[in-house]
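The following note sets out numbered points on the sheets, the interface and the salt bridges. Please read each point with the structure in view.

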Number of protein chains: 2
Amino acid sequence: MKKYLKALQNCSLFRGIAEESLFTMLTCLGARVESFDKKYTVFAEGSPARYIGIVLSGSVQIVQIDYYGNRSILSHMKESDVFAEAFACAEMTSLPISVVANEPSEIMLIECSHILHTCSNSCGFHQQLIFNMMKDLASKTILFHQKIEVVSQRTTRDKIMTYLSQEAKKRGCNSFDIPYDRQALADYLEIDRSGLSAEIGKLKKEGIIESHKNHFELL
Amino acid sequence: MKKYLKALQNCSLFRGIAEESLFTMLTCLGARVESFDKKYTVFAEGSPARYIGIVLSGSVQIVQIDYYGNRSILSHMKESDVFAEAFACAEMTSLPISVVANEPSEIMLIECSHILHTCSNSCGFHQQLIFNMMKDLASKTILFHQKIEVVSQRTTRDKIMTYLSQEAKKRGCNSFDIPYDRQALADYLEIDRSGLSAEIGKLKKEGIIESHKNHFELL
DNA sequence: GAAAATCTGTTGAATTTTCAACAAACGGAG
DNA sequence: CTCCGTTTGTTGAAAATTCAACAGATTTTC
């Protein structure tokens with residue numbers, strides 16, 4: 001467990017919890033760790049929303065496959081990120097999304113009811129955990145807000161530029177890598193892949209952006 | 001204040017708080033009530049995100065105006081709904097959205113820091129309030145999820161049908177009113193108003209839906 | 001109750017996106 | 001290093017959306 005210390009300390013859910021308390025608490029919560037190879041499913045759409053997930057290593061994508069089989073990527077979760085917590089906290093009976101490993105990943109799973117409801121040992125962490133969960137959900141809401149801002153744009157070009165501007169702002173730098181390949185970016189922006197490639201080409205030609213593979217730079 | 005009792009009791013933020021405690025607590029929190037006429041701004045984009053709002057009567061819309069002046073409607077908040085809480089809880093310095101009264105409305109405003117941080121009187125409600133806020137934010141996240149599911153659809157028709165199906169499911173009934181006129185629905189679905197009108201006409205002609213003004217029925 | 005303002009449905013043209021197909025570039029496995 | 005599967009960029013045709021304009025219907029205001 002020690003090797004996960006850094007990932008866990010950076011996790012918003014455990015802010016303000018001392019290192020020496022952390023592992024006792026995780027035992028009390030019944031946390032366990034599972035490994036997933038690339039493309040393997042962590043949570044499947046339709047399964048009960050009992051667990052929250054925390055990325056200990058690697059990364060996962062939150063995806064939704066619609067009626068026609070089109071993939072939509074909702075977000076990308078990297079080390080220390082929490083996922084599926086909204087559905088678990090709202091006690092939904094079934095997950096409306098799937099979670100898929102984007103590379104070989106280690107995931108911590110915690111049954112959400114153990115976090116929300118005071119355990120029999122009445123250990124003193126629950127108030128802090130609930131406060132942290134509240135903070136985490138607030139930033140998750142803001143994250144989705146930004147995703148809505150992107151997909152609200154009417155044109156391919158505006159979607160791309162809105163997304164890239166958000167990323168640049170988040171990192172405080174006009175030059176950055178994105179965690180998506182072309183198809184995944186298209187699925188995140190909810191546009192056609194070939195149209196995306198074409199538009200990126202135009203933006204480069206017009207000197208608005210520079211890009212090589214998944215590295216982008218705003219000019 | 002008494003006349004707001006019903007709206008406040010139905011508010012997710014005050015679940016599990018007894019009637020007799022409610023008004024003492026609101027005083028302790030420094031809650032105040034303001035009235036807004038139709039189309040008046042409750043919160044303006046860019047202003048500090050210190051307050052959360054609760055709709056006591058009437059309704060408001062959460063809107064975002066983009067670079068080109070296009071209005072995007074994020075959601076519709078009716079009696080007992082809480083709004084702007086995610087931004088306040090995340091302690092954002094400035095609001096990325098505006099809140100506009102949709103009809104003459106009475107709004108309760110509470111400074112979010114009063115909810116999140118224990119007050120000097122150390123009254124015993126904070127734990128319950130924080131738990132309720134967590135629950136509220138979880139359902140807000142799910143709400144945005146649904147909005148993303150709608151706007152992720154590629155065609156006008158699929159956006160309309162996804163939205164109407166969601167509404168029908170929420171109400172448990174295939175026949176219902178929506179809180180939007182045509183232009184507002186277009187701004188919520190992120191599509192062209194005239195295209196929306198045309199597509200609704202087709203759906204009616206094909207016998208898939210029935211509609212009159214803002215009343216809809218799935219067949 | 002009449003006039004003014006707003007909302008809705010309809011049209012056709014212009015623009016944009018999607019779709020399908022292909023070839024070049026790339027990356028990993030052996 | 002070579003082969004093979006995957007990713008990316010490009011193209012043109014088909015389909016869908018947006019835009020602008022207008023007229024009829026509805027609602028609001030005085």
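1. In chain A, an open sheet is formed by four strands in the order β2-β7-β4-β5, with antiparallel pairing. Its edge strands are β2 (41-43) and β5 (71-77) of chain A, each of which pairs on one side only. From one strand to the next the twist averages 35°. Helices (H or I, at least four residues) and strands (E, at least two) are DSSP runs, numbered from the N terminus; two strands pair if DSSP finds at least two bridges between them. For angles, axes are lines fitted to C-alpha atoms, for helices over the stretch in contact, and the angles run from 0 to 180 degrees between N-to-C directions.

2. The model is predicted: local features need pLDDT of at least 70 and side-chain atom pairs count only at pLDDT 80 or more, whereas totals for chains, interfaces and linings use all residues. Residues are numbered from 1 along each chain as its sequence is written, chains are lettered from A and ligands numbered from 1 in the order in which they are written, and side-chain values use heavy atoms, with hydrogens and water left out.

3. Strand β2(A) is joined by two bridges to β7 (residues 98-101) of chain A, and the two run antiparallel. Opposite A:Thr41 stands A:Val100 in β7(A).

4. Chain A has a further open sheet of four strands, in the order β1-β8-β3-β6, again with antiparallel pairing. Here β1 (32-36) and β6 (82-83) of chain A are the edge strands, each pairing on one side only. Five bridges link β1(A) to the antiparallel strand β8 (residues 105-111) of chain A. A:Arg32 has A:Leu109 in β8(A) as its bridge partner.

5. The contact between the chains (heavy atoms within 4.5 Å) involves 37 residues from chain B and 37 residues from chain A. Together the chains bury about 3400 Å², 67% of it on carbon and sulfur atoms; buried area is the accessible area (1.4 Å probe) that two parts lose on being put together, summed over both. Within chain B, the most area is lost to chain A by B:Met134, B:His145 and B:Ile148, together 19% of what that side buries.

6. Two salt bridges (a side-chain nitrogen of Lys or Arg within 4 Å of a carboxyl oxygen of Asp or Glu) are found across the interface of chain B and chain A. B:Lys135 and A:Glu91 meet through their side chains in a salt bridge (2.6 Å, N to O). On the side of chain B that touches chain A, β5 (71-77), α3 (85-89) and α5 (126-152) of chain B each supply at least two residues. The largest share of that side, 17 residues, comes from α5(B).

7. Over all chains, the whole structure holds 27 salt bridges. In chain B, the side chains of B:Lys3 and B:Glu106 form a salt bridge (3.5 Å, N to O). B:Lys3 lies in the segment before α1 (5-9) of chain B and B:Glu106 in strand β8 (residues 105-111) of chain B, so the pair ties together parts that are 103 residues apart in sequence.
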